[in-house]
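Q: I'm new to this one. Can you take me through the structure bit by bit?
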Amino acid sequence: MRGRPWTLPLAACVALLAACATTRSKQNLLDDTLRAYASAVRWGDLAQAQAFLDPKLREQRAPSALDLARFKQVRVTAYEEQPRTPVGDDEVSQVVEIGLVNVNTQTARSIVDRQLWRYDEKDKRWWLTSGLPDITHSQ
């Protein structure tokens, strides 16, 4: 080590860059996940939106036939995201205002969807743990 005094600082820099790359890729994955989920909701693709649900939640609270029918009665007209907020190292919350129009009555309304996302280190992906938007309540 006497002949190479730069070895330790170099190793520390490499370790720090690796940690930053991991964090950045996790951040990129969150960005991609939120963008894809927003797209699924905007286009009314409930099957695609369900794929973002935490598997445990999907198993416990799968949308009923009535829920599916309700989603078919509305069209999404707006999806306004608020800045996301870190809740912990592996959790992020986001509030989204979703504009809806009833396809039968043409009545417009909006709902607030409070989303909670959890990063799964094993699967290397973000899961929605708060459930699909509740379209039965107006704001």
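A: A definition to begin with: buried means under 20% relative accessible area, exposed over 50%, and partly exposed in between (1.4 Å probe, protein chains only). At 24% relative accessibility, R118 counts as partly exposed. The model is predicted, so local features need pLDDT of at least 70 and side-chain atom pairs count only at pLDDT 80 or more, while totals for chains, interfaces and linings use all residues. Residues are numbered from 1 along each chain as its sequence is written, and side-chain values use heavy atoms, with hydrogens and water left out.

Q: OK, how many helices and strands are in the chain?
A: Four helices and five strands. Both are DSSP runs numbered from the N terminus: helices are H or I with at least four residues, strands are E with at least two. Along the sequence the pattern reads α-α-α-α-β-β-β-β-β.

Q: What share of the residues count as buried?
A: 29% of the 139 residues in the chain.

Q: And the largest nonpolar core, which residues touch the most other members?
A: Y37, Y79, I98 and W117, out of 24 residues in that core. A nonpolar core here is a set of buried Ala, Val, Leu, Ile, Met, Phe, Trp, Tyr and Cys residues joined through side-chain atoms within 4.5 Å. The elements that each supply at least two of its residues include α1 (7-42), β3 (91-102) and β4 (108-120). Helix α1 gives the largest share, six residues.

Q: What is I98 in contact with?
A: Contact means heavy atoms within 4.5 Å. Leaving aside neighbours within four places in sequence, the contacts of I98 include V41, V76, Y79, I111 and P133.

Q: Switching to strands. How do β3 and β4 pair?
A: In the antiparallel sense, over 11 bridges. Two strands pair if DSSP finds at least two bridges between them. One of the partners is L116 in β4, which bridges to S93. The hairpin of β3 and β4 has five residues between the strands, and Q106 there takes a positive phi near 60°.

Q: How many bridges join β4 to β5?
A: Four, and the two strands run antiparallel. D120 has R125 in β5 as its bridge partner. Four residues sit between the strands of this hairpin, and K124 in the turn has a positive phi of about 55°.

Q: What about β2 and β3?
A: Strand β2 (residues 85-88) pairs with β3 over three bridges, antiparallel. G88 stands opposite E91, and the hairpin has two residues between the strands.

Q: How many salt bridges does a search of the whole structure find?
A: Six. The term covers a side-chain nitrogen of Lys or Arg within 4 Å of a carboxyl oxygen of Asp or Glu. In one of them, the side chains of R84 and D31 meet at 2.3 Å, N to O. R84 lies in the loop between β1 and β2 and D31 in helix α1, so the pair ties together parts that are 53 residues apart in sequence.

Q: Is D31 buried or exposed?
A: D31 is buried, with a relative accessible area of 17%. R84 is partly exposed at 32%.
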